[in-house]
Amino acid sequence: MNRTFRLTGPIVVGADGSAGARAAATWGMQAADRHETSLELWHALGIPDYYLGSVPPSDELLRKVKNRGETILRETADTVGHTYGPVVTTHLSDDSPAPALIEASETARLVVLGSTEHSRFTALFGGSVTTALAGHAHCPVVSVRGRTWDLPAAGKQPVVVGVDGSPSAEVAIAAAFDEACARGADLVAVHAWEDVSASRSFGDPAGNYGWSAFTESARRMLTEQVSKFRDSYPDVEVHQVVVHDEPRQELLRWSVKAQLVVVGSRGRGGFRGLLLGSTGHSLIHHAACPVLISRTADS
């Protein structure tokens with residue numbers, strides 16, 4: 001059983017002063033409270049970005065950049081620090097956002113980022129820092145977007161996990177069980193498959209298979225993967241869903257009624273190249289609730 005995700009360490013939140021980052025800080029504070037750990041707010045100054053060729057920025061510019069970063073951290077800490085109990089610390093890095101947060105992820109339980117819209121955290125690696133972190137972080141990464149449920153209002157909203165039979169999916173299932181347990185929520189394990197994806201997996205045209213048999217095989221796979229974690233979380237009620245549909249669309253539909261969607265950092269079948277292809281980008285940019293991309297130190 002591949003369950004090497006970290007159950008200790010602080011919740012790390014990227015703070016840049018945007019509305020999305022403030023929502024992420026609130027979500028991160030609630031997560032720290034649930035998991036009885038501390039909250040770390042990180043702001044990246046991006047000093048290397050201010051160098052034009054070999055010309056260093058002026059001392060005055062650096063001073064203004066640092067002062068602005070300190071203000072952002074102080075205001076963000078003031079916003080969340082009086083609501084819950086976890087200890088809040090702030091960290092100012094000279095580095096660019098993605099490298100700074102990847103370094104912070106080495107000891108973190110989760111790294112949390114806000115919606116990428118109108119945020120300076122979108123400007124690295126040709127896309128969002130969320131995508132960069134999802135490919136390189138040493139712990140799970142959460143993209144806080146859409147509707148968020150605070151703990152008292154979460155009610156019966158489930159935690160949803162995408163399962164595709166891969167080792168990466170097992171890490172996602174473990175993280176999803178842990179989140180569902182901490183929230184007192186049900187867990188919905190979803191496996192979605194398409195004709196084309198399934199046919200390629202078996203190396204033969206789709207017409208040569210009875211899809212009812214394939215569906216039954218998918219149910220057995222889903223049951224086998226989920227059952228590995230049931231004994232560790234006996235209080236979590238689990239619902240298993242197997243559908244003949246595109247994984248991206250099925251998970252987006254579930255995000256409308258979920259409080260969190262959990263997916264692996266990579267997999268096979270419909271989830272292959274999750275964070276580099278259409279499925280990952282759809283979840284990060286269009287999900288109706290926060291998305292957790294499960295990663296481990298050895299992902």
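Figure 1. Strand 4 (residues 110–114) and strand 5 (residues 141–144) run parallel and are joined by four bridges. Two strands count as paired if DSSP finds at least two bridges between them. Strands (E, at least two residues) and helices (H or I, at least four residues) are DSSP runs, numbered from the N terminus. This is a predicted model, in which local features need pLDDT of at least 70 and side-chain atom pairs count only at pLDDT 80 or more, while totals for chains, interfaces and linings use all residues. Residues are numbered from 1 along each chain as its sequence is written, and side-chain values use heavy atoms, with hydrogens and water left out.

**Figure 2. Strand 4 is mostly covered.**

**Figure 3. Asp178 forms a salt bridge with Arg109.** A salt bridge is a side-chain nitrogen of Lys or Arg within 4 Å of a carboxyl oxygen of Asp or Glu; here the closest N and O atoms are 2.6 Å apart. The pair links distant parts of the chain, 69 residues apart: Asp178 is in helix 5 (residues 167–183), and Arg109 is in the loop between helix 3 (97–104) and strand 4. Asp178 counts as buried because its relative accessibility is 13%, and Arg109 counts as buried because its value is 8%.

**Figure 4. Glu170 and Lys228 meet through their side chains in a salt bridge.** The N to O distance is 2.4 Å. Glu170 lies in helix 5 and Lys228 in helix 7 (residues 211–230), so the pair ties together parts that are 58 residues apart in sequence. With 9% relative accessibility, Glu170 counts as buried, whereas Lys228, at 34%, counts as partly exposed.

**Figure 5. Asp245, Glu250 and Arg253 are linked in a network of salt bridges.** The side chains of Arg253 and Asp245 meet at 2.0 Å, N to O. Arg253 is partly exposed, at 41% relative accessibility, and Asp245 is partly exposed, at 26%. The structure holds eight salt bridges.

Note on methods: Buried means under 20% relative accessible area, exposed over 50%, partly exposed in between (1.4 Å probe, protein chains only).
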